[in-house]
Amino acid sequence: MEKTWATSGGAPEGVPGAAEAFPGDGAGAGVDFHLDLSGPGGVRASLIRALRDAVRSGRLAPGSRLPSSRTLAADLGLARNTVADAYGELVAEGWLTARQGSGTRVARRAAARAPERRTPPVRTPPRPVYNLRPGTADVSAFPRAAWLAAARRAVAAAPNDAFGHVDERGRTELRTALAGYLARARGVHADPERIVVCSGFTQGLGLVSRVLRERGTREMGVEEYGLWFHREALERAGLRCLPMPLDGQGADVGVLEGGKAAARSVLITPAHQFPTGVPLHPDRRAAVVDWAARTGGTILEDDYDGEFRYDRQPVGCLQGLSPERIVYFGTASKALAPGLRLAWMVLPEHLAGEVLAHKRAGEWSSGALEQLTLAEFITSGAYDRHVRAMRLRYRRRRDRLVEVLAERAPHIKVTGIAAGLHAVLELPPGTEHPTLQAAAWEGLALEGLSRLRCTPAPDAAPSGLIVGYGTPPDHAFPGALEALLRVLPPAE
């Protein structure tokens, strides 16, 4: 079992601004650790080795402050005594120091323990210290206690057949809970019999795409910018991607009927286009629904982060306008965690049988216990409470990102911030690649706008960064912002 941990390390003593906190208890800097819990000696020994190696390699500089044992234990899901014992042993060995009022810090003499290099090192970027890539929730905020309570209740109430083979559609309890939640929160017309639970959006996309290809679909309209592995899933199913240009009103759906390359299906993110953040304009929403009704086309709606809206009213799903022409996709990855491997699709009646046949023929299913737990989590109201709490947390981070950029990099325009877990930073032309290179050397993981483009970017294509402010844990977020500010191009 392996974990990656981003810890608040703080700057060495005496460095101005070393203790800027957001909004937790630690200092502003942070370091990622790769913790192998399956190593010899168990969890405690693995944690000691990870800390010792981080000090030895210089990733934890002399004088750096470590998070409290309570904070680190909560981030890693360990017992506090385990972390406290690891700290105590490293203090005894001389790697760390612990003083009342000063916390636990890396010993200043620890730098002398670094092994001598016998050969010149190969100059490669350091392993990322901060992660601002988009597409992932803050998994350190996973509601462990509430999820465990829901799991206990779900297992206690589960019928015996819940522990047998899983229905390819998913557990009845989860499909029923989803039908009620999606109708209430997203305006989806969802009969539990038409909901299929899948192990992530990509699996569902592949299943539907194969059915559409067998029915004669050759081209799939896709937004000009989007995730490359979604396009790869379409191509593996035998479909050719037809790019749709993007502007301030979202995707230009007019190309769907253009000439010889007219598409019969389209994949869109109408509530919050990924990555630009633009919602599909009402006129274009009506246009794409009319196109599907007129041509018999199929719309694939990816509602990947529909719960997170900040400065505007929630944009309802498209599926409610035409349930028989739209396949609706949702996921627990953004609201809870991608590691649950729980997503769902609401299928038109005419597609349900064929999609289930494909899923039955060798496609894996999500575990029954996870499905039962999510069903209980939704019906008990815990899901709504968690989403509300995370909405406030992400909004604070977004506000801090916008505030810091306005103060210290006002020449950088920030867009796509009314919703979601990421923002787009517009860069001067030609500066995207150098900025990403500088970020790598700062130990900052970022995504460039051009990598998400469906076709190779022309010289006139905009340069930009996709900043996933929802990804890092709270205590690492200030340090991530500081690293981001260091790599942004200066004002011209």
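What share of the contacts in the protein with a separation of 6 or more comes from residues 24 or more positions apart? The share is 74%, where a contact means heavy atoms within 4.5 Å. A few notes follow.

1. **What we are looking at.** This is a predicted model, in which local features need pLDDT of at least 70 and side-chain atom pairs count only at pLDDT 80 or more, while totals for chains, interfaces and linings use all residues. Residues are numbered from 1 along each chain as its sequence is written, and side-chain values use heavy atoms, with hydrogens and water left out.

2. **Confidence.** pLDDT is the predictor's confidence in each residue, from 0 to 100. The protein has a mean of 85, and 87% of its residues get to 70 or more. Residues 7-29 fall below 50, though this stretch still has 66 contacts in the model beyond near neighbours in sequence. Residues 110-114 are also below 50, with eight such contacts. Where pLDDT is low, the predicted coordinates should not be read in detail.

3. **Overall make-up.** I see 13 helices and 19 strands listed for the protein; these are DSSP runs numbered from the N terminus, with helices being H or I of at least four residues and strands E of at least two. Of the 492 residues, 53% count as buried, and buried means under 20% relative accessible area, exposed over 50%, and partly exposed in between (1.4 Å probe, protein chains only).

4. **The cores.** A nonpolar core here is a set of buried Ala, Val, Leu, Ile, Met, Phe, Trp, Tyr and Cys residues joined through side-chain atoms within 4.5 Å. The largest one has 62 residues, and L336, L374, Y383, L444, L484 and L488 have the most contacts inside it. Helix α11 (residues 382-408) gives the most to this core, namely eight residues. A second, separate core has 25 residues, including L256, A263, V288 and I299. In soluble globular proteins, nonpolar side chains tend to be buried together.

5. **L336 up close.** Setting aside neighbours within four places in sequence, L336 is in contact with A137, F142, P143, W147, L374, F377, Y383 and H386.

6. **Strand β11 and its partners.** Strands pair if DSSP finds at least two bridges between them. β11 (residues 265-268) runs parallel to β7 (residues 219-223), joined by three bridges, and V266 is the β11 partner of G221. β11 also runs parallel to β12 (residues 298-302), here with four bridges, and I268 has E301 as its bridge partner in β12. The chain gets from β11 to β12 through helix α8 (residues 282-295) in a right-handed β-α-β crossover; that is, with the strands pointing away from the viewer, the path from the first strand over the helix to the second runs clockwise. S265 and L267 point one way from β11, V266 and I268 the other, and all are buried.

7. **A cis proline.** Do look at the F274 to P275 peptide bond, which is cis with omega near 10°. P275 sits in the loop between β11 and α8.

8. **Helix α5.** With 15 residues at 1.5 Å each, α5 (residues 172-186) should span 21 Å, and its end C-alpha atoms are 20 Å apart, which agrees; the expected span is 1.5 Å times one less than the number of residues. Among its buried residues are L174, L178, Y181 and R186. The buried residues of α5 pack against β6 (195-198), β13 (326-331), β14 (343-346), α10 (368-379) and α11. Just after the helix, G187 takes a positive phi of about 70°.

9. **R341.** Although not a glycine, R341 has a positive phi of about 55°. R341 lies in the loop between β13 and β14 and is partly exposed, at 43% relative accessible area.

10. **The antiparallel sheet.** Four strands make an open sheet in the order β15-β16-β19-β18, with antiparallel pairing. β15 (413-415) and β18 (447-448) are at the edges with a single partner strand each, so one side of each is left without a neighbour in the sheet. Three bridges pair β15 with β16 (residues 423-427), and V414 stands opposite L425 in β16.

11. **V414.** Leaving out neighbours within four places in sequence, V414 is in contact with L405, A423, V424 and L425. V414 and G464 are 50 residues apart in sequence and 9.7 Å apart in space, C-alpha to C-alpha.
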